[in-house]
Amino acid sequence: MSQESSLKRTHYCGDLRLTDAGTTAQLNGWVKRRRDHGGVIFADLRDRTGITQVVFDPQIDEKAHAIADAVRSEFVLNVSGTVREREPGELLLHADAAYQKDLAEGMLSPAFRSLFSDTDTKYTLSEEIEVATRVEGERWLLTDVENNRTYHIENEEAGLIIYQGTVNPELDTGEIEIAVDSLHILNTAKTPPFPVEDNIDVAEDIRMRYRFIDLRRPEMQKTLAMRHKAALAARNYMNEEGFLEIETPILMNSTPEGARDVLVPSRHYPGRFYALPQSPQQFKQILMMSGVDRYFQIARCFRDEDTRSDRQLEFTQLDIEMSFADTDDVLAVTEGLMKRIFEEAGDIPVQTPFLRLPYHESMARFGNDKPDTRFGMELTDLSDVMADCDFQVFARTLASGGQVKAIAVPGGEDFSRKDIDDLTAFVATYRAKGLAWVKVTAEGFSSGIVKFFTTEQLETAQARTGAQPGDIMFFVADKPKVVADALGYLRLHLGKKRNLIDETQYNFLWIVDYPLFEWNEEENRYEPFHHLFTGATEATLPLLDTDAGKVQSQHYDLVCNGYEICSGSVRIHQWDIQQKVFDILNITPEEVESRFGYFIDALAYGTPPHAGIAPGLDRMVMLMRNEENIREVIAFPKSQQGLCPLTHAPSVVSEDQLEELSIRVDADN
RNA sequence: GGGCUCGUGGCGCAGUUUGGUUUAGCGCGCCUGCCUGUCACGCAGGAGGUCGCGGGUUCAAGUCCCGUCGGGCCCGCCA
């Protein structure tokens, strides 16, 4: 047998079960931990599927045992041997469920101790006892440190069941082990900077610097596998629905609209640059003009803007476009896609169709267009009742065209002065100048500002916010945008902080009926609310000529648990309407020609009505994995400053390379 | 572009407020030895630190000041 074939594994480390006992098996993997008992050595062998305990016993193979002496964490091993049943958990005794308290507190009562010694004096517990809770209220591991003995305790209907044995109920493979008769150390390893296990407390930059070790952790392997499954589910679904996967260029033209482009210098054309796609928007529309009918692509997109915990310089979208389709068609396909991905990759049941919420209603009730609807605390408008109140902050704001809105926080009566100060600082980041509050107590309203309001005003506030005795009402008075931001983010902040959110819930929600244009106060002109090629609803199309601000677009966003996960629209496919949009936006024919010439030209050669959408893969995986940080679901993410912690990209290039590109670097920057 | 925050053995932290009894401490990990049933093994012993970097104040700086680099969160930005 060649070396290569002799190392071929028969199973993955997570595969073996009791039914395999008696057979032989060969495993490859990394050593999670080695436990040397002098006479016998245990090691937990890990690969991406799980862990199997391997035993090096000199009575089985003296040579393997001798080699195992040198084995350390993260060594790469090949082992073969017999799959052996572990000693089953020997039932030791039953105990009353009342002893749960002993276990929870880790302080064993004399009565609990005597249970052990009454069974058999050899089980007498020493003074040094460690209790580890495996599952709260259900399973514990009790270790008698001095006697070096371990007991598994389970809470079942009959009470606590205590057993002793070598089965490890924590491992899927815990009923067997491998009695090793042959060991090859395939490679040694330096001591890892942190242990390869879940729930480690290690700074993110350390994890990123050693990402190849970090990714070995079971949770990370799970994420990588889920990401793969999500992409696979999407591909299969789109294929079944008749979509063609087509690649579009990574090197394309810079578009001055929108986010900053990531630029790539051209060697053939000094001073000219390619841009990496912010999305394949124009190409996918051209594919519709090209008769492709239904297109999709798992597309890498690039936006050179500062990152956030849910934003990266490069990210992945499931880019979709379909011809002869309207809003309902796109939403239906997307709902099916979400159902398929979340159920297949995340094992998360999804009910379709999704609710549709008009943009203005979302803004009014939640302060933004990506509401987390897993909890209440909705925003309520009090502008009408507060207009003639004696609280000058409110009255003056309202007199100058502002707004007063409020939310009620359940159980917020216990907020201290400092809590409220902290929350005031929190809303200040959204430019709110203050945060007024009134507590609702059993005795009535309580706050320094109660005297400025009539009872009727406060009762109306209570009725509208739904505040109950024991709650607190927070008010913000300002320009509508500030009120929406401040209270919207305060709602989210408190929802998380006060544990009002059911983490197991997935609330999918369409946001629809967006305006087509947004008025830019400073520059005194309209701007596209989304992009230049978004179509208008048929009903509001005539307003293009009369009142552009009131035109509704055929744009839609899909929101889940506070994250925008898809964004799309029915596109403009008629030249005359596109022209009107350019006119309203004051884009001159010369500009149109130079920026979108090819696109406008194509539009005139028989463009079918078409519509599309782009679900964000990263955010979907974040949601399914319950992660709040996008870096957790990307194999090799960049830091907040856009650096690759592993390769240190971007890097300085040679003078020769720069010269070829006709680029001179300003050394001061 | 801006605000906040962190940086102390391999990792996680304490010490910095008010400069000096701290020889910079603790837990984990690591190394050596012992141990045949552990799975967070145990026991005994041991090694390991330019306190991010540079400058300054001072008799004296991990601690105070200035600058700088790096990580994170957020605002702006992200059609």
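Author: A residue is near a strand if one of its heavy atoms lies within 4 Å of it. The model is a predicted one, and among the atoms of RNA strand B that lie within 4 Å of the protein, 54% belong to sugar or phosphate, while the rest belong to bases. On the protein side there are 53 residues around RNA strand B, and of these Asp36, Thr150, Thr166, Glu177 and His530 come nearest. Sorted by class, this surface has 21 polar, 19 charged and 13 nonpolar residues.

Some contacts with the phosphates can be followed atom by atom. In the side chain of Arg72, an N or O atom is 2.8 Å from a phosphate oxygen of RNA strand B, and a polar side-chain atom of Arg33 lies 3.0 Å from a phosphate oxygen of the RNA strand. The elements that give two or more residues to the surface near RNA strand B are strand 1 (24-36), strand 2 (41-47) and helix 5 (204-209), and strand 1 gives the most, with 3 residues.

Helix 8 passes helix 18 in a left-handed crossing, and the contact is made by Gln282, Gln285, Ile286 and Met289 of helix 8 together with Phe596, Tyr598, Phe599, Ala602 and Leu603 of helix 18. By class, the residues of this contact divide into 7 nonpolar, 2 polar and no charged.

A few details of the backbone also deserve a careful look. In the loop between helix 8 and strand 14 (294-302) lies Asp293, which has a positive phi of about 70° although it is not a glycine. The peptide bond from Thr352 to Pro353 is cis, with omega near -5°, and Pro353 lies in the loop between helix 9 (327-346) and strand 16 (355-358). A cis peptide bond also joins Ala649 and Pro650, with omega about 0°, and Pro650 has its place in the loop between helix 19 (617-625) and helix 20 (655-660).

Terms used:
Residues are numbered from 1 along each chain as its sequence is written. Chains are lettered from A and ligands numbered from 1 in the order in which they are written. This is a predicted model: local features need pLDDT of at least 70, side-chain atom pairs count only at pLDDT 80 or more; totals for chains, interfaces and linings use all residues. Side-chain values use heavy atoms; hydrogens and water are left out. A polar contact is a pair of N or O atoms within 3.5 Å; within protein, one must be able to donate a hydrogen and the other to accept it, and residues adjacent in sequence count only if both atoms are side-chain atoms. Helices (H or I, at least four residues) and strands (E, at least two) are DSSP runs, numbered from the N terminus. Ala, Val, Leu, Ile, Met, Phe, Trp, Tyr, Cys and Pro count as nonpolar, Asp, Glu, Lys and Arg as charged, and the others, Gly among them, as polar. A crossing is left-handed if the near helix is turned anticlockwise from the far one by less than a right angle, and right-handed if clockwise. Contact means heavy atoms within 4.5 Å.
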